[in-house]
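Open the model in your viewer and keep the selection tool ready. This tour goes stop by stop, telling you what to select and what is there.

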Amino acid sequence: MRAYVGGDPAAFGELFERYAPLLEAVFRRRLRRAEEARDLVQQTFLHLHRSRADFREDARLRPWLFTIGMNLLRESQRRSFRRPEATLELDGVRDPAVEAAGQQRVDAARTLEVALGALPADQRDVITLHWLAGVPLPEVAEIVGASLSAVKVRAHRGYAAMRRALGEKGDP
Amino acid sequence: MDCLSALEARNAGRTTEPAVAAHLAACPLCRVGSRSPDLPAPPFEAVEQSVASERGIRAGLRGLPTRARLGLALGVVAALLLATFTFARRAERPLPGVQLLGGLLLTVGAGVLLRENLLPLQAPRRPGRQQLLVALGLALPGAIALLPLPEALRQGALPGVAPSAATRACLIMGCLVAGLVALFLRALDRGAHRSAWAAVTAAAAGGMVGALALDLHCPITTVDHLLVGHGSAGLALGLVYGAVVVALRRRAA
């Protein structure tokens, strides 16, 4: 990012290569259509470009980028006047590892996605970032604008709820 | 080991620890959540085109650092108020203390709303409930200001000027100043203009600046006139702005 702010246009492509798949995976879990997720990734990077003058040298890019992405996601969901829904159709998320393991695991993934969709919004944001995008909790706290302890509580409750949902469905 | 600890260890790259590895392998929740490293990148061309089309004055304005954008917005507000003050009709100040306090409150309120409106997207947003409460808090004084509307249209306070005409003139001037502020905020906007929160804060900030400008300009001090003519510019603009935002959203959808 420092290289891009410094005027190296090729650095933007590298940033895109590194972070776009992760962002798209997060968006796909939260939006029904793959095109919406892709569009949101593009918007996130356009905003990253517009905001590049705000980037501080000592800042970390991942929480910065994910905050933009999560804000756009929330706005997009608010605009569409609907609750964020789990991707019940398989055009949503295709996790090759899960699909390869067979139908049983695909069903488990669906169950988990439904459980994720049923969580309160603040828990869902934390779980999506931590569980799916692999963002450490201190960075998640930066992204959602809450204290680390508050984020830990949300994550703990969210995972507990998802495990309960999984247990109720009788998954492995 | 619980899921939270296991996933936090995974996120920190400590997947080789036996307890972590055992949990990640056994727990269906953690297993499904593990991201696929071979997910392909989405096409870059569309982003490249959008970035390439970022040219012109507006792109230059919104590409400025947030502090510079805020400084510019404050500069425009100061210029509008200075222009109003220079061409002010008002000579006397019957209630200087109250007017000073009102002016101070409006200035602080407008400053906070300008900051809120220009908040960059990399800053976490307030929860929707908080935003709704603030929006209701801003709409309530505007709605109360409209209560004495019939009275304000009947009574006169300025010799030679019809009361309804004076009230209407002030409302129009307030909306004009407010509109200029909102338009400039729109030019500085990095793309969040379609959000309802951006519309609310822009209209309210503009309305407060409009009320400040009228306070410098208009000699009428009757409560009805002040409420309807001066106080409701933000609400009027907010309603128009809201209608435009909704129409734009429908068109985009």
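Select A:Ala59. This is a predicted model, and A:Ala59 sits in the loop between helix H3 (34-50) and helix H4 (61-79) of chain A. Is A:Ala59 buried or exposed? A:Ala59 is buried, because its relative accessible area is 13% and the cut-off for buried is under 20%.

Select A:Arg60 and A:Glu142. Their side chains meet in a salt bridge, at 2.1 Å from N to O. The pair links distant parts of the chain. A:Arg60 is in the loop between H3 and H4 of chain A, while A:Glu142 is in helix H8 (residues 137-144), 82 residues apart. A:Arg60 is partly exposed, with 44% relative accessible area. A:Glu142 is partly exposed too, at 40%. With A:Arg60 and A:Glu142, they are linked in a network of salt bridges.

**Next stop: helix H2**

Select A:Glu24 and A:Arg28. These side chains also form a salt bridge, 3.0 Å from N to O. How far apart are A:Glu24 and A:Arg28 in helix H2 of chain A? They are four residues apart, so about one helical turn separates them. Both residues are buried. Over all chains, the whole structure holds 11 salt bridges.

**Next stop: the aromatic rings**

Over all chains, there are three aromatic pairs. Select A:Phe16 and A:Phe45. Their ring centres are 4.8 Å apart and their planes are at 65°, so this pair is edge-to-face. A:Phe16 belongs to helix H2 (residues 10-30) of chain A and A:Phe45 to helix H3, so the pair ties together parts that are 29 residues apart in sequence. A:Phe16 is buried, at 0% relative accessibility. A:Phe45 is buried as well, with a relative accessible area of 0%.

Move to A:Phe55 and A:Trp64. Here the ring centres are 5.1 Å apart and the planes are at 90°, so this pair is edge-to-face. Both A:Phe55 and A:Trp64 are buried.

**Next stop: all of chain A**

Select chain A and colour it by secondary structure. Chain A has nine helices and zero strands. Of its 172 residues, 58% are buried. Its accessible surface is about 7500 Å², and carbon and sulfur atoms account for 50% of that.

**Next stop: where the chains meet**

Show chain B beside chain A. How many residues of chain B are in contact with chain A? There are 50, and they contact 60 residues of chain A. The area buried between the two chains is about 4500 Å², with 62% from carbon and sulfur atoms. Two salt bridges are found across this interface.

Select B:Glu54 and A:Arg50. Their side chains meet in a salt bridge, 2.9 Å from N to O. B:Arg62 forms a salt bridge with B:Glu54, and their closest N and O atoms are 3.2 Å apart. B:Arg62 is buried, at 10% relative accessible area. B:Glu54 counts as buried, at 17%.

**Last stop: a patch on chain B**

Select B:Leu104, B:Val108 and B:Val112. They form a nonpolar patch on the surface, with about 290 Å² of accessible area together. B:Val112 is in helix H7 (residues 96-117) of chain B. B:Val112 counts as exposed, because its relative accessibility is 51% and the cut-off for exposed is over 50%.

Key: Residues numbered from 1 in each chain as written. Chains lettered and ligands numbered in written order. Predicted model: local features only at pLDDT ≥ 70, side-chain atom pairs only at ≥ 80, totals over all residues. Heavy atoms only, no water. Helix = DSSP H or I, 4+ residues; strand = E, 2+ residues; numbered from the N terminus. Buried < 20%, exposed > 50% of the residue type's maximum accessible area, 1.4 Å probe, protein only. Patch = residues over 30% accessible without salt bridge, like charges linked within 9 Å, V, L, I, M, F, W, Y side chains within 5 Å. Areas by Shrake-Rupley, 256 points an atom, 1.4 Å probe, with all protein chains shown as cover. Salt bridge = Lys/Arg side-chain N within 4 Å of Asp/Glu carboxyl O. Phe/Tyr/Trp six-rings, centres within 6.5 Å; stacked < 30°, edge-to-face > 60°. Contact = heavy atoms within 4.5 Å. Buried area = accessible area lost by both parts, 1.4 Å probe.
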